[in-house]
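Trainee: Could we go through this model together? I'd like to know what stands behind each label.

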Amino acid sequence: MLEALKAYLETRGYRDIYRDTMPDPSKQPEAVGLLQWNHTVGSINDGTGTHYIQIQVRRRTYDGAKRVCTELFQLLDSGTEETVIDLTPEVFCIARPRRGPIKMASGAGYTTYYYELALWGPN
């Protein structure tokens with residue numbers, strides 16, 4: 001799921017996307033991290049599950065980090081109608097934000113924002 005999510009974001013112009021890690025801010029001050037913290041499958045396994053993901057956005061400025069994180073929060077929301085999002089031609093999901101953008105960290109020359117997302121789709 002993370003690879004499909006990464007591909008989806010890249011087709012929308014986002015760059016420097018990392019799966020399961022974030023690089024050192026002194027070496028890579030601008031990055032987007034896709035970190036899966038849980039994956040659940042229903043008791044009747046139909047080949048789908050829910051992937052719980054934290055999306056971290058680090059930018060050189062506070063405003064940049066907040067803006068990009070908010071953009072991703074809005075982009076990856078299937079809404080109350082649970083609109084299917086085609087991440088790739090083969091992988092779909094229904095995306096539901098679980099926690100809005102929150103400042104995570106800041107340091108010399110960077111700020112990191114994050115939010116939490118639940119993606120339901122293929123295992």
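Mentor: Gladly, and let's begin with a charged pair: the side chains of Lys6 and Glu10 meet with N to O at 2.8 Å.

Trainee: What makes the meeting of Lys6 and Glu10 a salt bridge?

Mentor: The term asks for a side-chain nitrogen of Lys or Arg within 4 Å of a carboxyl oxygen of Asp or Glu. Lys6 and Glu10 have N to O at 2.8 Å, so the pair qualifies. Both lie in helix 1, and being four residues apart they are separated by about one helical turn. One caution on the source: this is a predicted model, in which local features need pLDDT of at least 70 and side-chain atom pairs count only at pLDDT 80 or more, while totals for chains, interfaces and linings use all residues. Residues are numbered from 1 along each chain as its sequence is written, and side-chain values use heavy atoms, with hydrogens and water left out.

Trainee: How many salt bridges does the structure hold, and what does the one between Arg19 and Glu3 tie together?

Mentor: There are six salt bridges. In the one between Arg19 and Glu3, N to O is 2.7 Å. Arg19 belongs to strand 1 and Glu3 to helix 1, so this pair ties together parts that are 16 residues apart in sequence. Arg19, at 39%, is partly exposed, and so is Glu3, at 44%. Another of the salt bridges is formed by Glu71 and Arg67, whose closest N and O atoms are 2.9 Å apart. Those two are four residues apart in helix 2, about one helical turn. Glu71 at 28% counts as partly exposed, as does Arg67 at 49%. Salt bridges that share partners also join Glu30, Arg59 and Arg60 into one network.

Trainee: How do you know the number of disulfides?

Mentor: A disulfide is a pair of cysteine sulfur atoms within 2.5 Å. For Cys69 the closest cysteine sulfur, in Cys93, is 17 Å away, too far for a bond. Cys93 is therefore in no disulfide either, its nearest cysteine sulfur being that of Cys69. The count is zero disulfides. Cys69 is buried at 0%, and Cys93 is also buried at 0%.

Trainee: What makes a group of residues a nonpolar core, and which members of the largest one touch the most others?

Mentor: It is a set of buried Ala, Val, Leu, Ile, Met, Phe, Trp, Tyr and Cys residues joined through side-chain atoms within 4.5 Å. The largest one has 26 residues, and Leu9, Ile55, Leu72 and Leu76 touch the most other members. Helix 1 gives the most, with five residues. Leaving out residues up to four places away in sequence, Leu72 touches Leu9, Tyr14, Val32, Ile55, Val57 and Tyr115, where contact means heavy atoms within 4.5 Å.

Trainee: What makes strand 1 and strand 4 edge strands?

Mentor: Two strands pair if DSSP finds at least two bridges between them. The open sheet has six strands in the order 1-2-3-6-5-4, with mixed pairing. Strand 1 (17-19) and strand 4 (85-86) each pair on one side only. For strand 5 and strand 6 there are 10 bridges, and the two run antiparallel, so they pass the cut-off. Across these two, Arg96 stands opposite Ala118 in strand 6. Helices and strands here are DSSP runs numbered from the N terminus (H or I, at least four residues, for helices; E, at least two, for strands).

Trainee: How do you know whether Leu34 is buried or exposed?

Mentor: Leu34 has a relative accessible area of 0%, so it is buried. Its place is in strand 2. Beyond its neighbours within four places in sequence, its contacts include Leu2, Leu5, Leu9, Ile17 and Ile55.

Note on methods:
Buried means under 20% relative accessible area, exposed over 50%, partly exposed in between (1.4 Å probe, protein chains only).
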